[in-house]
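This briefing covers how two chains meet and then turns to one residue inside one of them. The sequence and structure come first.

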Amino acid sequence: MLHYFANPTRFQRLSRRVEPWLLAAMLVCFGAGLYFALFSSPVDYQQGHTVRIMYIHVPAAWMALFCYTAMAVSAAVALIWKHALADVAAKATAPIGAAFTFLALVTGSLWGKPMWGTWWVWDARLTSVLVLFFLYLGYMALRDAFDEPGRGARASAILVLVGFVNVPIIKFSVDWWNTLHQPSSVLRMDGPTIHPDMLTPLFLMAAAFQFYYFWLVLLRIRRELMVNRTRALRHRQASA
Amino acid sequence: MSAFSVLFRREMRLAMRQSADSFMVIGFFVIAVVLFPFGVGPEPNMLARIGPGVIWVAALLAAMLSMDRMFMGDYEDGSLELLVLSPVALELVVCVKVLTHWLTTGLPLILTAPLLFVMMNVPGEIWLVLLLTLVLGTPVLSLLGSVGAALTLGARRGGVLLSLLVLPLLIPVLIFAVGAGDAVLFGNGAKANLMLLGGMLLGALALTPWVTAHALREAVA
């Protein structure tokens with residue numbers, strides 16, 4: 001299974017077939033999710049309309065963690081089995097994950113100003129997500145810092161695995177420390193504590209973000225493979 | 001003579017021949033802290049409040065200065081390849097390198113810190129705790145720094161990149177170290193913070209040599 005898709009041609013054929021479906025699923029989920037989130041969901045009794053920021057903020061934060069985990073898994077597969085496509089997947093995921101992390105930080109900040117009265121507080125959840133953002137940036141910087149691309153790929157893969165220590169810290173930061181950021185209300189042992197009317201748009205938006213990620217990452221992997229192929233062809237041309 | 005002592009003597013001899021490096025680290029540490037009274041004003045209570053944090057941040061940055069040289073010399077003159085190929089476990093080599101780095105960077109920082117406590121008007125009752133946090137924390141800097149130093153070997157602008165990679169990972173050390181001083185002042189006792197720092201040290205000690213050794217093998221591959 002792992003090696004079946006290591007073949008770039010096979011992978012490209014499959015991903016070309018899957019991409020339109022992912023795009024369609026994303027558009028449907030975004031459409032329905034935005035309708036529910038902006039029009040057809042109740043106003044929070046304390047937060048008013050500000051609660052609608054949550055439908056972007058929470059899925060973006062989930063995706064920030066999801067992308068990093070995906071990167072760590074890809075990096076581990078690339079390091080252990082020398083799987084070329086896994087390495088490309090890690091590279092393709094990094095900017096998307098960084099963008100989701102940035103989106104989570106910005107929307108959180110926009111929500112925090114009217115709710116907490118401040119754009120930013122140094123509590124454990126916010127700080128650890130900021131560190132996650134720096135880890136994404138560090139990964140991209142380290143990956144590009146070498147003249148030989150293979151060296152950058154391996155060095156940055158190790159960095160991703162070292163930085164993975166931050167992911168459980170982010171997840172449990174609201175439980176371990178008394179923070180201003182509220183504890184988790186959806187992914188918890190005794191079931192969600194949010195009303196179903198708010199849960200529907202939240203899950204629709206989360207699904208839309210998820211489809212968006214898979215669509216974009218397949219696109220980026222294909223692009224990366226084409227770039228590699230062009231480079232290889234140029235090398236061959238130059239040496240011939 | 002055991003491999004450890006041979007390696008250790010070699011590293012120490014190299015470090016002694018470049019002892020100016022250690023003095024530069026101390027000089028940076030002192031100057032960085034001394035800038036703060038000019039920057040925020042010399043009001044004693046304010047200095048006492050921010051002193052522990054300023055001293056720790058300066059120690060963090062000072063330790064970064066010598067970090068990129070941990071493997072650089074050996075990488076450039078090719079002896080790193082010989083060390084990788086030698087029958088001695090590369091993890092042991094890494095441990096010796098980290099120990100030398102700590103002896104030439106962390107230890108001088110700890111010895112200089114009391115002078116800065118005086119200059120920053122740090123309350124006497126937290127001196128001991130802050131020194132303890134430095135004793136527990138500076139080896140973590142050297143250990144995590146060794147990972148960054150090995151990863152950035154041969155990179156363009158490796159020194160700056162190293163700081164960008166390692167400093168975010170060191171934030172927890174900074175939080176709990178400075179928190180220990182505050183905990184004593186608030187009457188909570190610093191035991192929890194010191195134990196967390198000790199846990200970080202043990203965890204880093206157990207894991208980072210393997211990561212660094214792997215990164216070094218990749219660097220010379």
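How many salt bridges does the rule find across the interface of chain A and chain B? In this predicted model, the count for that interface is two salt bridges. One salt bridge joins the side chains of Asp147(A) and Arg156(B), at 2.5 Å from N to O.

**Polar links and the chain A side**

- Between chain A and chain B, seven residue pairs are in polar contact, with both residues at pLDDT 80 or more.
- On the side of chain A that touches chain B, helix 4 (124–143) and helix 5 (149–163) of chain A each supply at least two residues.
- Sorted by class, that side of chain A has 13 nonpolar residues, three polar residues and five charged residues.

**Extent of the interface**

- The size of an interface is often given as the accessible area lost when the parts come together.
- For chain A and chain B, the buried area is about 1,700 Å².
- Carbon and sulfur atoms give 71% of that buried area.
- Contacts between the two chains involve 21 residues of chain A and 19 residues of chain B.

**Thr105(B)**

- Thr105(B) lies in helix 6 of chain B, which covers residues 90–119.
- Is Thr105(B) buried or exposed? Thr105(B) counts as buried because its relative accessible area is 2%, and the cut-off for buried is under 20%.
- Setting aside neighbours within four places in sequence, Thr105(B) contacts Val25(B), Ala63(B) and Ser66(B).

Terms used. Residues numbered from 1 in each chain as written. Chains lettered and ligands numbered in written order. Predicted model: local features only at pLDDT ≥ 70, side-chain atom pairs only at ≥ 80, totals over all residues. Heavy atoms only, no water. Contact = heavy atoms within 4.5 Å. Buried area = accessible area lost by both parts, 1.4 Å probe. Salt bridge = Lys/Arg side-chain N within 4 Å of Asp/Glu carboxyl O. Polar contact = N/O pair within 3.5 Å; in protein donor to acceptor, adjacent residues only side chain to side chain. Helix = DSSP H or I, 4+ residues; strand = E, 2+ residues; numbered from the N terminus. Nonpolar A, V, L, I, M, F, W, Y, C, P; charged D, E, K, R; others polar. Buried < 20%, exposed > 50% of the residue type's maximum accessible area, 1.4 Å probe, protein only.
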